[in-house]
Amino acid sequence: MGDTTPDLPKEGADRPCVSEAVRHVMQANKSKNTKPELLVRASLRGHGLVGYRVQYKRAAGRPDVAFPGRRVAIFVQGCFWHRCPYCHPSNPKTNVDFWQAKFDRNQQRDRRNAKTLVDAGWTVVVVWECSLKKKRARRTMSEVVYEVRRARPVRRACDRRPGQLVVVGRGHDRRSRLIRRIRLRSRLRPVTWGVRGRRHGGRAGRRPGDGR
């Protein structure tokens, strides 16, 4: 899940009181090779998409899965640590200030890394952990596979396309058929793809499966 290893409070007088149970949970939290990441990688291999890099160090934020030739970076975000805007995970009831500061740092880092990659011409695909649940995993991965395949290999300067941020797997209601696109050049600008291949603004588009 990128470079977001949970940081424990440092020793000192200002350190908030953290229970042993919380400390063990934070220390046991993996920064790589988590179950959602393994599921994504297995699905990509199952669709014949191999040759990716794991924890790619040459890209901002060390994407969980990266296709450098296609300029695609995939981040598998944990809902609790990155504050999923769709499933709304619960907030800790103790040490509220410490946790809020921790979550804010994670979100700021996520936005900074995404903007850096998009400005460099990368397609950044964000996969939320909750979108990989049993009933939604297949649909979510079909969207991920679509985004990887549509990003053709970059062999020459003329092959490069504007970078973009794509959030997949919004499978919580009837909008689960949508892919929310956010085109980033100098700032965030949301574009939502609809069931009929149209996006907000009236321009026609393509859906996963339409081909290119």
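These legends describe close-up views of a predicted model. Local features need pLDDT of at least 70, side-chain atom pairs count only at pLDDT 80 or more, and totals for chains, interfaces and linings use all residues. Residues are numbered from 1 along each chain as its sequence is written, and side-chain values use heavy atoms, with hydrogens and water left out.

**View 1. Helix α5 is mostly covered.**
Helix α5 runs over residues 137-150. Helices are DSSP runs of H or I with at least four residues, strands are runs of E with at least two, and both are numbered from the N terminus. From first C-alpha to last, α5 reaches 20 Å, close to the 20 Å expected at 1.5 Å a residue. The expected span is 1.5 Å times one less than the number of residues. Ten of the 14 residues in α5 are buried. Buried means under 20% relative accessible area, exposed means over 50%, and partly exposed lies in between (1.4 Å probe, protein chains only). Among the buried residues of α5 are Ala-137, Met-141, Val-144 and Tyr-146.

**View 2. Two salt bridges turn up in a search of the whole structure.**
Side chains of opposite charge can pair when their charged atoms come close. A salt bridge here is a side-chain nitrogen of Lys or Arg within 4 Å of a carboxyl oxygen of Asp or Glu. Lys-115 pairs with Asp-119, with the closest N and O atoms 2.8 Å apart. These two residues are separated by about one helical turn, because they sit four residues apart in helix α4 (residues 96-119). Lys-115 is partly exposed, at 33% relative accessible area. Asp-119 is also partly exposed, at 42%. The other pair is Arg-150 with Glu-147, whose closest N and O atoms are 3.7 Å apart. Both lie in α5, three residues apart, or about one turn of the helix.

**View 3. Leu-44 is among the residues that touch the most other members of the largest nonpolar core.**
A nonpolar core is a set of buried Ala, Val, Leu, Ile, Met, Phe, Trp, Tyr and Cys residues joined through side-chain atoms within 4.5 Å. This core has 19 residues; Phe-67, Ile-74, Val-144 and Val-148 also touch the most other members. Elements supplying at least two residues each include α2 (35-46), β3 (72-77) and β4 (123-128). Helix α5 gives the most, with four residues. Leu-44 has contacts (heavy atoms within 4.5 Å) with Leu-49, Tyr-52 and Val-145, among others, not counting residues up to four places away in sequence.

The twelve residues of α2 should span 16 Å, and the end C-alpha atoms are 16 Å apart, which agrees. Pro-36, Glu-37, Val-40, Arg-41, Ser-43 and Leu-44 are buried. The buried residues of α2 pack against β1 (53-54), β2, β3 and α5. Just after α2, Gly-48 takes a positive phi of about 80°.

**View 4. Trp-99 lies in helix α4.**
Trp-99 is buried, with a relative accessible area of 7%. Trp-81 is 18 residues from Trp-99 in sequence, and 9.6 Å away in space, C-alpha to C-alpha.
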